[in-house]
Amino acid sequence: MRLLRILPVFLLFACAVCTGAEQHCCGPITPAGHKLSDFLDSTNVESLWIAGQHVDWETGEPDKGPGYEGEGTHTHCSAFAASVAKRLGIYLLRPPEHGQVLLSNAQAEWLPSAEGKKAGWRPVRSMREAQTLANEGNLVLAVYQAPDKHKPGHVAIVRPSERSDARLEEDGPELIMAGQHNHNKVNTRIGFEHHAGAWPSNIQFYVHSIP
C-alpha cells in the first residue's frame, strides 16, 4: 500500500524530468516578443500579398484588377517583409528604390552591404540565435538569394516561438511569410521548400532591433 501511495509522486517527478528534457531551445518569449507576435498576426498575411496578383506592396491588396497579366504578379515575400519593416519603423530595401520584381534577391544583396549595416541590420550567426532574437522582440529575417539572378529568392520573417532543440534542428525557426503559399505560422524547412538548395545551409538571417 505504501508503494501505491508513492507511485503517483514518482510518476509526477518522472514527468517533470521528461518535460525538462524538452526545454525551449531559445529562451522564453518576452513581453516584447508577445507584442511582436500580436503585430505579425494583425498583418492578415494569409489573405493579402497573394501570389498571382499584382499588389500594393505596403497593403498587400490587389491593385491592377483581375485581368492584369504584366510583371509583378508572381509572389510577394519581399514586399510583405518590406511592409512589415516599414510599419515597425525600420528601413528594408523596397519600392521606389527597387521594384517588386526580383526584390528578394536585391534585399539579400543589400542587407549585408554598407547601406544595410548603416540602416541598422546585422547578420545572425545561427538558427538558434535567430529564434532567440525573435523571442526577445527583434525583427529577424530569413533570406535566400537565388544563384540564378533571373529567378526569385525568398525572404521570410522569424516569429517568436517556443521550440525544442529537436524541432529547431529538424525544422528551423518558425516563420511568417508570403510566397507561393502564404503562412501565418510555418517552419523554415517547409517555408523554403520551393527553393532548391536553400534549406538548411544557404539561408541567411539578419536582425534589426525594433524602435
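Modeller: Gladly, and please keep in mind that this is a predicted model. One place to start is Cys 77, which has a relative accessibility of 4% and therefore counts as buried, the cut-off being under 20%.

Biologist: Okay, and how many disulfides does the structure hold?

Modeller: The structure holds one disulfide, and that link is formed by Cys 25 and Cys 26, whose sulfur atoms lie 2.4 Å apart.

Biologist: Is that link left-handed or right-handed? And are Cys 25 and Cys 26 buried or exposed?

Modeller: The link of Cys 25 and Cys 26 is left-handed, with -90 degrees about the S-S bond, and both Cys 25 and Cys 26 are buried.

Biologist: Switching to helices, why is H4 said to be largely enclosed?

Modeller: Helix H4 covers residues 103-110, and because seven of its eight residues are buried, the helix is largely enclosed by the rest of the structure. The buried residues are Leu 103, Ser 104, Asn 105, Ala 106, Gln 107, Ala 108 and Trp 110.

Biologist: What do those buried residues of H4 pack against?

Modeller: They pack against helix H3, helix H5 (114-118), and the strands E2 and E3.

Biologist: Then tell me about E3: how many of its residues are buried?

Modeller: Strand E3 runs over residues 154-158 and is mostly covered, since five of its five residues are buried. His 154, Ala 156 and Val 158 point one way from the strand, while Val 155 and Ile 157 point the other way. In a regular strand, the side chains alternate between the two faces of the sheet.

Biologist: Which strands does E3 pair with, and in what sense?

Modeller: Strand E2 (residues 139-144) is joined to E3 by five bridges, and the two run antiparallel, with Ala 142 standing opposite Ala 156 of E3. E3 also pairs with strand E4 (residues 174-177), again in the antiparallel sense, over two bridges, and there the bridge partner of Val 158 is Leu 175 in E4.

Biologist: New topic, where is Gly 72 found?

Modeller: Gly 72 is in the loop between helix H2 (31-41) and helix H3 (77-87).

Notes:
Residues are numbered from 1 along each chain as its sequence is written. This is a predicted model: local features need pLDDT of at least 70, side-chain atom pairs count only at pLDDT 80 or more; totals for chains, interfaces and linings use all residues. Side-chain values use heavy atoms; hydrogens and water are left out. Buried means under 20% relative accessible area, exposed over 50%, partly exposed in between (1.4 Å probe, protein chains only). Helices (H or I, at least four residues) and strands (E, at least two) are DSSP runs, numbered from the N terminus. Two strands pair if DSSP finds at least two bridges between them. A disulfide is a pair of cysteine sulfur atoms within 2.5 Å. Contact means heavy atoms within 4.5 Å.
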